[in-house]
Amino acid sequence: MEPLGENGRSSMMPNGLFGMAIFIVAELMLFAGMISAFFIVKAAAPSWPPPGQPRLPIEATALNSLVLLASGFFLIQAHRAFHRGDRDSMRRPLLLALALGSFFVIFQGSEWVALLGQGLTLTSSSLGSFFYLVVGVHGIHAAAALILLAIATVRLRRGYLSPGFFGAAEALWFFVVGVWPVLYMVVYL
Amino acid sequence: MLAIVVVAGALLADAASACTVCLGAQTEASRKAFVGTTAFLTFLPLMVVGGIIALFVRRTLAQEALDESRRAGDLDAGVESQG
């Protein structure tokens, strides 16, 4: 338990988690802006999806979304073990969350390669522009969160994983997992 | 002189086509999208800020209660060690 400070009080939240929370709020508004722009462009288009553009892989991405949600589930398990002080039980779910998250990002990358091959590019249509913008920004966040989780895994193994660092890493990953179903429904469906 | 400038300005002025909801939307679907996204972008930050304030209040109250019990525990331990 954290010791009481000079004023007889302990801190409400680790600084790392607090900083990440502020960042996530800003990023939430970024995604909200992109979703809004997407809705307006979609509503103004004479037909949607634009003619001559490939169909987005709805089913495959739905399965990949389940992989991402499973990753979030394992991170919850790791979170619970961390707050119980059971660092040994935390290792496996944290590794599973990291592995499933990495699978999600790699699968998304392979999906992009296939779509580029079928003619969906940033400049081919407004669908292509928004698809790569929205999904790409999400992918960058996912990659950044995975790097933080990987560092957390290393720190756990070495025995100096702090609540602030782990809190920040898991908050970013939960944001990535939480915002994805919304993006999927908006962009793919 | 100032009056002439004001009158000239008033005569030269034209309606500004700045409102995207009124002037930018060409179809009913576009107009609805503009109105919907304006509402979404207006209320989302308010809900987020409200949620954060509620979370802070809840966590602060819980932390205060915990700290209070710990201080009371320290006090009791101190009295026992003196006794």
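Analyst: Start with one term: pLDDT is the predictor's confidence in each residue, from 0 to 100. You need it here, as this is a predicted model.

User: Which element of chain A has the highest mean pLDDT?

Analyst: Chain A as a whole averages a pLDDT of 90. In that chain, 95% of the residues score at least 70. Among its elements, helix α1 (residues 15–44) of chain A has the lowest mean, 91. The highest mean, 95, belongs to helix α2 (residues 58–84) of chain A.

User: In what order do the elements of chain B run?

Analyst: Chain B has zero strands. It has three helices. From the N terminus on, the order is α-α-α.

User: What share of the residues in chain B is buried?

Analyst: Buried here means under 20% relative accessible area. Chain B has 83 residues. The buried share of them is 12%.

User: How much area do chain B and chain A bury between them?

Analyst: The contact takes 21 residues from chain A and 22 residues from chain B. Of the area buried, 71% is on carbon and sulfur atoms. On the chain B side, B:Phe56, B:Arg59 and B:Arg70 lose the most area to chain A, together 26% of what that side buries. The total for the two chains is about 1900 Å².

Terms used
Residues are numbered from 1 along each chain as its sequence is written. Chains are lettered from A and ligands numbered from 1 in the order in which they are written. This is a predicted model: local features need pLDDT of at least 70, side-chain atom pairs count only at pLDDT 80 or more; totals for chains, interfaces and linings use all residues. Side-chain values use heavy atoms; hydrogens and water are left out. Contact means heavy atoms within 4.5 Å. Buried area is the accessible area (1.4 Å probe) that two parts lose on being put together, summed over both. Helices (H or I, at least four residues) and strands (E, at least two) are DSSP runs, numbered from the N terminus. Buried means under 20% relative accessible area, exposed over 50%, partly exposed in between (1.4 Å probe, protein chains only).
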